[in-house]
Amino acid sequence: MSAAAEPFAHAHIDDRLARRNALVLAVAQALAGGNNTVIVATASIVGAALAPDKGLATLPITAMVLGMWLGTLPVGWLARHFGRRFALQSGSGFGIVSGLISYSAVMSGSFWLLLIGTFCGGLYAAAHQSYRFAAADTASEAFRPKAVSWVLAGGVFAAVLGPQLVIFTKDLLPPYLFAASYLGQSACALIAALVLMAVKVPPVQTKRIESSRPLAEIARTPRFVVAVACGVASFGMMNMLMTSAPLAMIGCGHSVTDAALGIQWHVLSMYAPSFFTGSLIARFGVERITGIGLGLIALAAGVAITGITVAHFWSGLVLLGLGWNLSFIGATTMITHCHRPEERNKVQAFNDFLIFGAMALSSFSSGQLLEYFGWTTINEVVFPGIFVAGALLVWLTLRKRTEATA
């Protein structure tokens with residue numbers, strides 16, 4: 001256990017509030033997670049129709065990723081100064097605006113307005129990615145990994161809700177394809193904002209906030225460095241393979257349906273294990289489960305390198321999703337052990353800023369790597385990143401054993 005956690009780790013904490021918050025946030029996650037799915041499923045198609053250059057068709061998705069990255073620190077600032085619930089509901093406000101702006105972009109035929117809409121969608125994503133930390137705020141150390149898992153389990157329902165929303169609304173306002181889908185996106189964000197009203201996170205006393213350690217000092221602690229490394233490796237490597245896999249499948253002669261089903265199974269494998277990942281961490285330890293997750297991501301890359309059949313792609317994507325779930329929930333749990341309660345918002349926001357910065361870089365680089373070097377090279381890039389994170393994780397584990405023995 002980190003020194004930062006020791007002063008309060010053994011205090012009695014009633015987890016009834018934490019369980020309630022986790023369930024509420026899981027529902028909100030199911031609604032908010034569909035935001036990303038709607039944008040990913042529609043923005044490049046709409047972009048191809050509206051962009052002045054077909055090469056800019058994927059720029060709306062890039063705008064979303066940038067919004068997600070740049071929104072992490074403001075979300076932390078809002079939570080620190082106005083409370084966690086206010087920060088999360090502000091994110092929902094951007095989700096509502098995102099759908100309305102994107103709807104206006106389709107109706108007016110404006111590509112640049114579409115970029116603004118998807119950028120706002122990224123700001124919303126930055127907020128709902130912090131739901132996992134909000135669930136951990138009121139949880140005891142024992143329940144913390146389960147609280148995080150429960151919230152991410154909402155992603156299972158988001159994986160179904162988003163595509164179904166697109167399917168049922170895409171042609172409701174002919175001839176404006178997907179215009180009604182963006183209105184549905186706004187409606188989901190509005191409902192999520194109402195659900196978030198049930199979240200209760202007691203504010204941290206101002207005096208304690210003023211006495212908190214500088215962020216630079218916290219960021220130099222071994223546990224923070226390792227937690228961030230594991231988070232960056234798990235999300236960055238997963239995102240790079242996920243975004244390039246559909247293009248690679250089509251390039252290898254497989255159908256669009258095969259590619260879509262591969263991504264569907266991948267998303268389900270990302271979130272379905274959340275129902276038991278928290279229990280595994282509680283039983284076997286966060287470092288061990290995180291390490292297994294990193295190993296599964298490396299195994300996914302290895303499977304992808306060995307062949308280009310549908311079975312190779314699908315099995316690799318399923319292993320990739322499962323590995324992400326174990327390693328990302330593990331890394332998130334480790335971050336919650338790096339700070340005192342009064343330091344949580346700035347530390348968590350900085351952690352997400354680094355992780356989603358890596359995600360933005362991997363999203364941009366995956367297309368370039370696939371175009372100029374091929375699918376095999378993309379998978380080979382995974383191994384160094386996973387090796388570094390794994391080596392740091394082993395070092396931290398040995399360091400903890402040495403300290404415990406001393």
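The axes of α2 and helix α9 (residues 179-195) come within 9 Å and cross at roughly 160 degrees, where axes are lines fitted to C-alpha atoms, for helices over the stretch in contact, and angles run from 0 to 180 degrees between N-to-C directions. That makes α2 roughly antiparallel to α9; angles under 35 degrees count as roughly parallel, over 145 as roughly antiparallel, 65 to 115 as roughly perpendicular and the rest as oblique. The model is predicted: local features need pLDDT of at least 70, side-chain atom pairs count only at pLDDT 80 or more, and totals for chains, interfaces and linings use all residues. Residues are numbered from 1 along each chain as its sequence is written, and side-chain values use heavy atoms, with hydrogens and water left out. Helices (H or I, at least four residues) and strands (E, at least two) are DSSP runs, numbered from the N terminus.

**α2 with α9**
- α2 passes α9 in a left-handed crossing, meaning that the near helix is turned anticlockwise from the far one by less than a right angle (right-handed if clockwise).
- On the α2 side, the contact (heavy atoms within 4.5 Å) is made by Val24, Val27, Ala28, Leu31, Asn35, Val38, Ile39, Thr42, Ala43 and Val46.
- On the α9 side, Ser181, Tyr182, Gln185, Cys188, Ile191, Ala192 and Val195 take part.
- By class, this contact of α2 with α9 has 13 nonpolar, four polar and no charged residues; Ala, Val, Leu, Ile, Met, Phe, Trp, Tyr, Cys and Pro count as nonpolar, Asp, Glu, Lys and Arg as charged, and the others, Gly among them, as polar.

**α2 with α5**
- Helix α2 (residues 16-50) packs against helix α5 (residues 84-108) at an angle of about 25 degrees, and their axes are 11 Å apart.
- That makes α2 roughly parallel to α5, and the crossing is left-handed.
- Leu25, Asn35, Ile39, Val46 and Leu50 of α2 meet Leu88, Ser98, Ala105 and Val106 of α5.

**α12 with α15**
- Helix α12 (residues 222-251) and helix α15 (residues 286-306) have axes 10 Å apart and pack at an angle of about 30 degrees.
- That makes α12 roughly parallel to α15, and α12 passes α15 in a left-handed crossing.
- Arg223, Cys230, Ala233, Ser234 and Met237 in α12 meet Val286, Glu287, Thr290, Leu294 and Ile297 in α15.
- The contact of α12 with α15 comprises six nonpolar, two polar and two charged residues.

- Helix α8 (residues 144-169) has 26 residues and reaches 38 Å from its first C-alpha to its last, close to the 38 Å expected at 1.5 Å a residue (1.5 Å times one less than the number of residues).
- α8 has a kink of about 35 degrees centred on Phe157; the bend at a residue is the angle between axes fitted to the seven residues ending there and the seven starting there.
- The peptide bond from Pro174 to Pro175 is cis, with omega near 0 degrees, and Pro175 lies in the loop between α8 and α9.
- Phe178 lies in the loop between α8 and α9 and has a phi near 70 degrees, a positive value in a residue other than glycine.
- Most residues other than glycine have a negative phi, and most peptide bonds are trans.
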